[in-house]
Amino acid sequence: MKSILLVEDDLSLIDGLKYTLETNRYLVDNARTVRQALALYKNNQYDLLLLDVTLPDGTGFDICREVRNESAIPIIFLTASDQEVNIVRGLDMGGDDYITKPFKLNELLSRIKALLRRSTQFSMPEILEANGVKIDLTERLVWKDNVLLDIPLVEYRLLCLFLHNPNHLLSREMILDHMWDRNGNYVDDNTLSVYIRRLRNKIEKNPNEPKYLLTERGFGYKWVVE
């Protein structure tokens, strides 16, 4: 699942944007200020940024400038102004696209999908690493503390899902939906609990008191990166 940082302070827009994005299976965090946005960005991993230009403590340009010092992550500006000077400024600073308010949600979704599609064509990772776990996506191999593990396919897919979405709560519904495969095989809710337990037995020092693969009762699971 792709994760998006939405930087927007207009309460009348936030709920609708988050609902639409989450309905389309994106994970969404929201920041309302430049300070909040940079804090979230530094502590999490995102696939795309949606930046409102005008914010209470600065502008989306300030965030873009900071991010572009270290990352080529796709950036879309949300602006209430269609003035050419703002559009040119955003693109010159490293923005990939812009959309002028008010906009149609379907148009925004199309632009997001296009940017993510282009970015993944050139930046597909071959290795995932976190908390002593290393996954070679090319060879489908998994190590824990440099020890090669025997990981069945379903557990492997689950582990990849968690490492692709660190520090994000994944609901059981999201995970179960992800576990459909092209052959029509399906993991049900009870079986998911079994696979989670098996994963913990392989990656946690104390599976009964997990540090990395955490359960949030009634919600789902989260892979916590130290």
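The side chain of Lys144 reaches the backbone oxygen of Asn131 at 2.8 Å. That is a polar contact, meaning a pair of N or O atoms within 3.5 Å; within protein, one must be able to donate a hydrogen and the other to accept it, and residues adjacent in sequence count only if both atoms are side-chain atoms.

The model is predicted, with local features needing pLDDT of at least 70 and side-chain atom pairs pLDDT 80 or more, while totals for chains, interfaces and linings use all residues. Residues are numbered from 1 along each chain as its sequence is written, and side-chain values use heavy atoms, without hydrogens and water.

Lys144 sits in strand β10, residues 141-144; strands are DSSP runs of E, at least two residues, and helices runs of H or I, at least four, numbered from the N terminus. Is Lys144 buried or exposed? Lys144 is buried, at a relative accessible area of 9%. Buried is under 20%, exposed over 50%, partly exposed in between, with a 1.4 Å probe and protein chains only.

Next, helix α2, residues 34-43. Val34, Ala37, Leu38 and Tyr41 are buried there. They lie on the same side of α2, because they cover an arc of only 95 degrees around the axis, taken from the directions from the helix axis to the C-beta atoms. An α-helix has 3.6 residues a turn, so residues three or four places apart point the same way. The face turned away from the buried side of α2 carries exposed Arg35 and Asn43. The cover over the buried residues of α2 includes β1 (3-7) and α3 (60-68), with contact meaning heavy atoms within 4.5 Å.
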